[in-house]
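Me: I have a model open and would like to go through it with you. Could we begin with the annotated regions and then turn to the overall shape?

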Amino acid sequence: MMRSLYSGVSGLRTHQTRMDVIGDNIANVNTVGFKRSAVTFKDVFYQTLRGGSAGDSGGTGMGGTNPQQIGLGVTLGSIDVVHTQGAAASTGNGTDLMIQGDGFFRVSDGTNTYYTRAGAFHFDNEGFLVTTDGLKVLGTDDNPIQIADMNDPTTMPQSYSIDKMGVVHYVDSTGAALQAGTISIAKFSNPSGLEKIGQNLYRATTSSGDPGSELTPGQGSLANTTIIPSALEMSNVDLAQEFTDMIITERGFQANARTITTSDQMLQELVNLKR
């Protein structure tokens, strides 16, 4: 069979994968804290018809020749998550938080620790700061953030506030001003290595490495990181970019499909020689 058939099939597969990623990006254009993904391709391997050779020394004989190779298609190079800052959307809700700068909120289900840029939080009936799915937000002391009345744990405090350094302040039923802790921020040397697990959550991998020991916003490696209360970070998907990539991907898919149909026509001409 013709090599171009297999090259065309590989092109169809990779362009379909790229279209799948673009479709996911567009679907999450309004997902809080979502980070778009980008696809790259790479060539697969080559069949060498003739290797290269060096010319005869002295310049009196034959000159050198270049290798003759035929490429055999394309494959997926990478699917990278682009961790650029998303736009800020003011919500007026005091428990909605946005990270300005690098890092991720640390949340826990009681057993595992996950990471997220989606700061759509609220206080539950026990005073814990939780995500929309009920995961507890962790403080710098690795304990969940909780506002609790010192005199009556079943009574919610009179008021609360969260400052740009992530410190949670509240006033209990007696009027005493207290602090529930500081919301922790984890920073990774390779955030693109984090694994997406859905529900706006990431999980650390060997590629991302472990977060550093510094978890306090505005300090150490997080000196340029602050928390913006009453705001959410929107998706960093750029529709103009996605639609442009969609057109390029569609044309690439069509071109590879044409390669297959043209190769088939050539084979048909070969078959017709017998008639």
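**Working through the model**

Reply: Residues 230–273 are 77% helix and 7% strand, and the end C-alpha atoms of this span are 75 Å apart. Please note that the model is predicted.

Me: What does UniProt list for residues 230–273?

Reply: The UniProt record, an unreviewed entry, gives "domain: Flagellar basal-body/hook protein C-terminal" for residues 230–273.

Me: And which feature is placed at residues 5–35?

Reply: According to UniProt, again from an unreviewed entry, residues 5–35 carry "domain: Flagellar basal body rod protein N-terminal". That span is 74% helix and 0% strand, with its end C-alpha atoms 36 Å apart.

Me: How many helices and strands does the protein have?

Reply: There are two helices and 19 strands in the protein. Its radius of gyration is 28 Å, whereas the globule rule gives 19 Å for 275 residues, so the protein is more spread out than a compact globule.

Me: What does the C-alpha trace span along the principal axes?

Reply: The spans are about 100 × 55 × 35 Å.

Me: What share of the residues is buried?

Reply: Buried residues account for 33% of the 275 in the protein.

Me: What about contacts between residues at least 6 apart in sequence: what share joins residues at least 24 apart?

Reply: Of those contacts, 63% join residues at least 24 apart in sequence.

Me: Changing topic to charges: how far apart are the mean positions of the positive and negative ones?

Reply: The mean positions of the 18 positive and 27 negative charges lie 16 Å apart.

Me: Now Met165, please. Where does it lie?

Reply: Met165 is in the loop that runs between β12 (159–162) and β13 (167–171). Its relative accessibility is 26%; buried requires under 20% and exposed over 50%, so Met165 counts as partly exposed.

Me: Which residues does Met165 touch, leaving out those up to four places away in sequence?

Reply: Met165 touches Thr182, Pro217, Gly218 and Thr226 on that basis. Thr216 is 51 residues from Met165 in sequence, while their C-alpha atoms are 7.7 Å apart.

Me: And where is Thr91?

Reply: Thr91 sits in the loop between β5 (88–90) and β6 (97–100). With a relative accessibility of 36%, Thr91 counts as partly exposed.

Me: What does Thr91 touch, with the sequence neighbours up to four places away not counted?

Reply: Thr91 touches Asp96, Ser230, Ala231 and Leu232. From Thr91 to Arg36 the C-alpha distance is 23 Å, with a separation of 55 residues in sequence.

Note on methods. Residues numbered from 1 in each chain as written. Predicted model: local features only at pLDDT ≥ 70, side-chain atom pairs only at ≥ 80, totals over all residues. Heavy atoms only, no water. UniProt positions renumbered as here; feature names shortened; annotations may be inferred. Helix = DSSP H or I, 4+ residues; strand = E, 2+ residues; numbered from the N terminus. Rg over C-alpha atoms; globule rule 2.2 N^0.38 Å. Buried < 20%, exposed > 50% of the residue type's maximum accessible area, 1.4 Å probe, protein only. Contact = heavy atoms within 4.5 Å. Lys, Arg positive; Asp, Glu negative; His and termini not counted. Charge placed at Lys NZ, Arg CZ, Asp CG, Glu CD.
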